[in-house]
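Biologist: Could you walk me through this one? I'd like to start with how you use your terms and then go through the residues.

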Amino acid sequence: MPPLRRKRIVVLTGAGISAESGLATFRAAEGGLWENHRLEDVATPEAFARDPALVHRFYNMRRAAALGAQPNAAHFALADLARAHDLTLVTQNVDDLHEKAGSPEVIHMHGALSGALCAACNHRWKSAAEMDTQTACPSCGAAAARPDIVWFGEMPYQMERIWDAIEAADLFAAIGTSGHVYPAAGFAQHAARSGAHCVELNLEPSQNARDFHEHRGGKASAIVPEWVAELTRP
Ligand code: APR
């Protein structure tokens, strides 16, 4: 049996991969609001400047929800994929379900709930379960701690590394993302232009569905393991 040829694969995940683990997505028909606040009202630097206590409350709630959540079959399948191919796993999610499922390396382009950032000196540290307006920076002492989350209008993390991986990829897959938010929503088009085969695995066609060569519809916990099995079958 010829050995499996290792492919260079880039996978982008969004809130949809964590939905079956009980973590709310952002733009579901009924959801997308929190305490009647639109996401744009709590996930922006302006919102944090205007009402830091509200923003801390929002992220404390999401941190608690993520702490109790367990990875699903889709997360575990991607951990398997990393063992068979050269996988660059990029997530827009701020939960740690990919890590809990055993993925060796995860690029959190929108930051992570487990991170804290000092708005005064830019020091980063592992966040406690809860943060508030009195939380002091362990480096400069200022009561200026904020979640290390990339808010609307801020530059996502590790973009250079992500673009390089996309340009070298044989295969690009987007899983559980609506294709609303750039730059992530532009990854498929860039991958296709660089010669990669692009596949979308999502509950429904995304906003940028036209950028993909292939679509697999359904719940991530079903369609992602199937897709990975095809890629890892010798
Ligand atoms: N399986 C597969 N896909 C699913 C599932 C599921 N069980 N449940 C929902 N989906 C799909 C939805 O159809 C939708 O297309 O997942 C997508 C989730 O889209 P969004 O809620 O917009 O989340 P996402 O694309 O990750 O948002 C991107 O926007 O709010 C910002 O920074 C935030 O990282 C987030 C970014």
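Modeller: Let me begin with a term: buried means under 20% relative accessible area, exposed means over 50%, and partly exposed is in between, with a 1.4 Å probe and protein chains only. Please also keep in mind that this is a predicted model, in which local features need pLDDT of at least 70 and side-chain atom pairs count only at pLDDT 80 or more, while totals for chains, interfaces and linings use all residues. Residues are numbered from 1 along each chain as its sequence is written, and side-chain values use heavy atoms, with hydrogens and water left out.

Biologist: OK, is Cys 198 buried or exposed?

Modeller: Cys 198 counts as buried, because its relative accessible area is 0%.

Biologist: And how many disulfides are there?

Modeller: There are zero disulfides in the structure, where a disulfide is a pair of cysteine sulfur atoms within 2.5 Å.

Biologist: Switching to the ligand, which residues come nearest?

Modeller: Of the 22 residues around the ligand, the nearest are Ala 15, Phe 26, Arg 27, Thr 177 and Ser 178, and a residue is near if one of its heavy atoms lies within 4 Å.

Biologist: Where does Gln 92 lie?

Modeller: Gln 92 is in the loop between strand 4 (86–91) and helix 5 (97–100), where helices (H or I, at least four residues) and strands (E, at least two) are DSSP runs numbered from the N terminus. Gln 92 is buried, because its relative accessibility is 12%. Its side chain also makes a polar contact of 2.8 Å with the side chain of Thr 177; such a contact is a pair of N or O atoms within 3.5 Å, and within protein one must be able to donate a hydrogen and the other to accept it, while residues adjacent in sequence count only if both atoms are side-chain atoms.
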